[in-house]
Amino acid sequence: MWRTLDRSLLRGIVLACLAVGAIGVSYGAVCVTEGFPMWFPVLAAFLVLAASSEFLFVGVISAGGSPVAAVLVALLANARHLPYGLAIPPRVIQPGWRRVVASHLMNDESVVLALAQPDVPRQRSAYWVCGVGMLICWPAGALLGALAGNVIHDTDALGLDAMFPAVILALMLPALRERKMRRAALAGAAVALAATPFLPSGLPVLLALGAVFLNATPAEQEKTP
């Protein structure tokens, strides 16, 4: 699997994993400062492996919301994994137990990197290597943040939340050279910005995915189930 990874792709995977690990530090520190036990962010990071939904869960609980409401909001944020799973080519993830493991490793970075590759072997390598890297770096960052939670009182001042969108944008830039991709990205951004003042967190991003279908050609729309 490693043999199909060139230097630039490996560099992108390492950069994405390090950025997510840094965000994990912020996540672990936020959990501890909000009163969660130290083991909670580490266990949740390993079992859930979804930064946005975990942040939302902690935010809802910290604001006085019920655990049921927190879980529902987190599940709503993770609903983007449904189109992610449909977008991954079938041969990238083999059937059987590998598909079960791959579904747990699915995240924004692994999907973006896999879809950006020109052939199935490189797509498969990018998906699995990035997914395993996230499984290591995200809980590790959460552990470091939890340990430092009593020292870091204002996690927003570190600016770690800006690293995640910056890395995703850097990974997307090569694909934006195509006119169709630029059109879809701009339409999705417009939809998300317009919906943000009126909808709860997570919903604008889901609505933005509709730009993929709006920018598809008639032939592609006929093929869409």
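Close-up 1. At 22% relative accessibility, valine 42 counts as partly exposed, a class lying between buried (under 20% relative accessible area) and exposed (over 50%), with a 1.4 Å probe and protein chains only. The model is predicted: local features need pLDDT of at least 70 and side-chain atom pairs count only at pLDDT 80 or more, while totals for chains, interfaces and linings use all residues. Residues are numbered from 1 along each chain as its sequence is written, and side-chain values use heavy atoms, with hydrogens and water left out. Valine 42 belongs to helix 2, and its C-alpha atom is separated by 5.5 Å from that of alanine 142, 100 residues apart along the chain. Alanine 45 is also found in helix 2; with a relative accessible area of 0%, alanine 45 is buried. Between the C-alpha atoms of alanine 45 and leucine 135, 90 residues apart along the chain, the separation is 8.2 Å.

**Close-up 2. A nonpolar surface patch that includes phenylalanine 46.** Trp39, Leu43, Phe46, Leu47 and Val48 make a nonpolar surface patch of about 520 Å². Accessible areas come from the Shrake-Rupley method with a 1.4 Å probe, and for residues only the protein chains shown count as cover. Phenylalanine 46 lies in helix 2 (residues 39–47) and is partly exposed, its relative accessible area being 43%.

**Close-up 3. Packing of helix 3 against helix 4.** Helix 3 (residues 51–62) packs with helix 4 (residues 67–77) at an angle of about 155°, their axes being 8 Å apart. Helix 3 is therefore roughly antiparallel to helix 4, the term for angles over 145 degrees. Axes are lines fitted to C-alpha atoms, for helices over the stretch in contact, and angles run from 0 to 180 degrees between N-to-C directions. Helix 3 passes helix 4 in a right-handed crossing, that is, with the near helix turned clockwise from the far one by less than a right angle.

**Close-up 4. Packing of helix 7 against helix 8.** Helix 7 (residues 108–115) and helix 8 (residues 120–147) cross at roughly 160°, and their axes come within 8 Å. The two helices are therefore roughly antiparallel to each other, and their crossing is right-handed.

Technical notes. Patch = residues over 30% accessible without salt bridge, like charges linked within 9 Å, V, L, I, M, F, W, Y side chains within 5 Å. Salt bridge = Lys/Arg side-chain N within 4 Å of Asp/Glu carboxyl O. Helix = DSSP H or I, 4+ residues; strand = E, 2+ residues; numbered from the N terminus. Parallel < 35°, antiparallel > 145°, perpendicular 65-115°, else oblique.
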